[in-house]
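Student: I'd like a close look at one part of this protein. Please pick a strand region and walk me through its surroundings.

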Amino acid sequence: MADRAQLDRTIQALARNQMEGILVENPSQLRETILELVPKGSLVSCGGSVTLAQTGVMDLLREGSYRFLDREGKTNEEKEALYREVFSADAYFTSTNAITEQGELYNVDGRGNRVAAMIFGPKRVIVVAGANKIVPDVHAAVKRLRAVAAPLNAKRLDLATGCRNAGRCVDCRSPQRICCDYVKIGFQQDPQRIKVLLLPEEYGY
């Protein structure tokens, strides 16, 4: 269970950076909040995320309430087209690799499609994250990516990377490397665009 004071600090810091942090107590409340934020029938898509699967968000997107741009089961060519179609979505769902207590979102991507959509394109970005993603600062965010997120994701995806074997980033040059694009989102011009839905439990990597 998270430190509530830390959650409050992080939500307040997100607000200063024109991103709205919303505390949701459990996956059931998370579902209700999403349905309030994103009207049924909206065109939506998502980035790859263990958190979205664990919290039931993927099930919600696939059950028919939304027009879901789903890459599951697509050919490589179809995925490439979908990655670009995502930029016209009403809402893009993702998690984040780290959230600093200064209200910054820090992520690393392999192809860049996830961080690209977080930065620009979809009208709204819905970030779902467990309290385990909160870190004190950017330095701690980088450390978390290198020691936790990258190795566990590489193992999950069965990739031939150095971090999968070492359990930490070794700055490999593998063709399957997933740590290619490091992005810090520190502020938003549009205060309505990014919503960060925080759960007090641990979810994802």
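Tutor: Keep in mind that this is a predicted model. Start with an open sheet of four strands, which has mixed pairing and the order β8-β5-β6-β9. Its edges are β8 (134–135) and β9. Each of these has a single partner strand, so one side of each is left without a neighbour in the sheet.

Now turn to β10. It is mostly covered, with six of its six residues buried. Its side chains point two ways. I194, V196 and L198 point one way, while K195, L197 and L199 point the other way, and all are buried. Note that K195 is among these buried residues.

β10 also has pairing partners. β1 (residues 20–23) pairs with β10 in the parallel sense, over four bridges. Here L23 stands opposite L198. β7 runs parallel to β10 as well, and six bridges join the two. In that pairing, V127 stands opposite V196.

Next, the packing. The largest nonpolar core has 24 residues. Those with the most contacts inside it are L105, M118, V127, I185, I194, V196 and L198. Five elements, α1 (4–16), α6 (113–119), β7 (124–130), β9 (181–185) and β10 (194–199), each supply at least two residues of this core. Apart from it lies another core, of 22 residues, with L30, L61, L197 and L199 among them.

Leaving out residues up to four places away in sequence, V196 touches L14, E20, G21, I22, I99, L105 and V127.

Finally, the surface. F87, I119 and F120 make a nonpolar patch of about 320 Å². F87 is found in the loop between α5 (76–85) and β4 (91–94). Its relative accessibility is 34%, so F87 counts as partly exposed.

Notes: Residues numbered from 1 in each chain as written. Predicted model: local features only at pLDDT ≥ 70, side-chain atom pairs only at ≥ 80, totals over all residues. Heavy atoms only, no water. Patch = residues over 30% accessible without salt bridge, like charges linked within 9 Å, V, L, I, M, F, W, Y side chains within 5 Å. Areas by Shrake-Rupley, 256 points an atom, 1.4 Å probe, with all protein chains shown as cover. Salt bridge = Lys/Arg side-chain N within 4 Å of Asp/Glu carboxyl O. Buried < 20%, exposed > 50% of the residue type's maximum accessible area, 1.4 Å probe, protein only. Core = buried A, V, L, I, M, F, W, Y, C linked by side-chain atoms within 4.5 Å. Contact = heavy atoms within 4.5 Å. Pairing = 2+ DSSP bridges.
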